[in-house]
Amino acid sequence: MREVLEDVHELVRSLVGQGRVADYIPALAEVEPRRFGLAVATLDGEVTGVGDYRVPFSVQSLAKVFALAAVLGADGDQIWGRVGREPSTHPFNSLVQLEIDRGVPRNPFLNAGALVTTDRLLTLTGDAAGALRGFLRAESGNPALDSDPRVADSELAHGHRNASLAHLIASYGNLENPVPEVLDHYVRGCALSASCADLALAGLFLARGGVGADGTPVLSREATKRLNATMLVCGMYDGAGEFAYRVGLPAKSGVGGGIIAVVPNRCVLCVWSPALDVCGNSVAGVAALEHLTARTGWSVF
Ligand code: DON
């Protein structure tokens, strides 16, 4: 496996650094764009990786998968009354999309949708960011995994767009908690730092029919199938169609440059490279997953 990953690393070397590092969160603009890490966690919990696969980076929207899983696990299907599961045609932070959808975010991976799942997790636990951190620590087996306060503060100080989204959702009566609290928990969840190795392990329940690190279910098999299906159509935002065509796996990206992809009943992949395309997806990351799946034949199709 390491040899395959090394070949993939070699194939994408010229793409690493191509694209733009997210700079609307100033702390993310300081990240070195030429980083690249790739890890594979197999069902038995073994991790193989290359490059910077043990270097923590800002998970950003990757957190949305785990927040949704935590809500589905605690609350069943209720969240689907407050957020849709259709792909979006506008960017991940679009106000227009939310207005068109009349305050019911089109899917849980848009910022608007994740604000709603964070709101529900806050109601359910009293500490959404803490619950999310606990979930990631337990599933990755890394007790040191934590939120980076510099990134969280930086995002909060420049988070006018998310504040607008939260207020618009509230104006439609679709928030249970005060806007500042929801934003605070959302931003601290996005600011969690984790490595490719951590995240591939943390996502393994998605490849194991919902079975978590301790052998007990995080989610039912049915709920896991649905979460993977939602990732497939919504996880890469307005780049989801192109990603499905090139890679053919359920996946989720973050503006920190990470992508998690699930190969059901086999493994979870996590790639990190901070320079992004126009949809907010890692340029070298998508290319690496394309090469890896072409080489291995891994796909849900
Ligand atoms: O709310 C934001 O804009 C960021 N904290 C997360 C956005 C993100 O990662 C979108 N993914 N590509």
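A nonpolar core here is a set of buried Ala, Val, Leu, Ile, Met, Phe, Trp, Tyr and Cys residues joined through side-chain atoms within 4.5 Å. Please keep in mind that this is a predicted model.

With that in hand, how many residues does the largest nonpolar core have? It has 77, and F66, L199 and F205 make the most contacts inside it. Helix α3, spanning residues 63-75, is the top contributor to this core with nine residues. As background, nonpolar side chains tend to be buried together in soluble globular proteins.

F205 deserves a look of its own. Setting aside neighbours within four places in sequence, F205 is in contact with F66, A69 and F135, and also with G210, V211, G212, V218, L219, T224 and L227. There is also a second, separate core of 28 residues, and V12, C267, A284 and L289 are among its members.

Now for the ligand. It is surrounded by 14 residues, of which Y24, Q60, S61, E155 and Y186 are the closest. Sorted by class, this shell holds six nonpolar, seven polar and one charged residues. Some polar atom pairs between protein and ligand are set out here.

| Residue | Protein atom | Ligand atom | Distance |
|---|---|---|---|
| Q60 | polar side-chain atom | nitrogen | 2.5 Å |
| N111 | polar side-chain atom | oxygen | 3.0 Å |
| V255 | polar backbone atom | oxygen | 2.8 Å |

How much of the ligand's accessible area does the protein cover? On its own the ligand has 340 Å² of accessible area, and the protein covers 100% of it.

Methods: Residues are numbered from 1 along each chain as its sequence is written. This is a predicted model: local features need pLDDT of at least 70, side-chain atom pairs count only at pLDDT 80 or more; totals for chains, interfaces and linings use all residues. Side-chain values use heavy atoms; hydrogens and water are left out. A residue is near a molecule or strand if one of its heavy atoms lies within 4 Å of it. A polar contact is a pair of N or O atoms within 3.5 Å; within protein, one must be able to donate a hydrogen and the other to accept it, and residues adjacent in sequence count only if both atoms are side-chain atoms. Accessible areas come from the Shrake-Rupley method with a 1.4 Å probe; for residues, only the protein chains shown count as cover. Ala, Val, Leu, Ile, Met, Phe, Trp, Tyr, Cys and Pro count as nonpolar, Asp, Glu, Lys and Arg as charged, and the others, Gly among them, as polar. Buried means under 20% relative accessible area, exposed over 50%, partly exposed in between (1.4 Å probe, protein chains only). Helices (H or I, at least four residues) and strands (E, at least two) are DSSP runs, numbered from the N terminus. Contact means heavy atoms within 4.5 Å.
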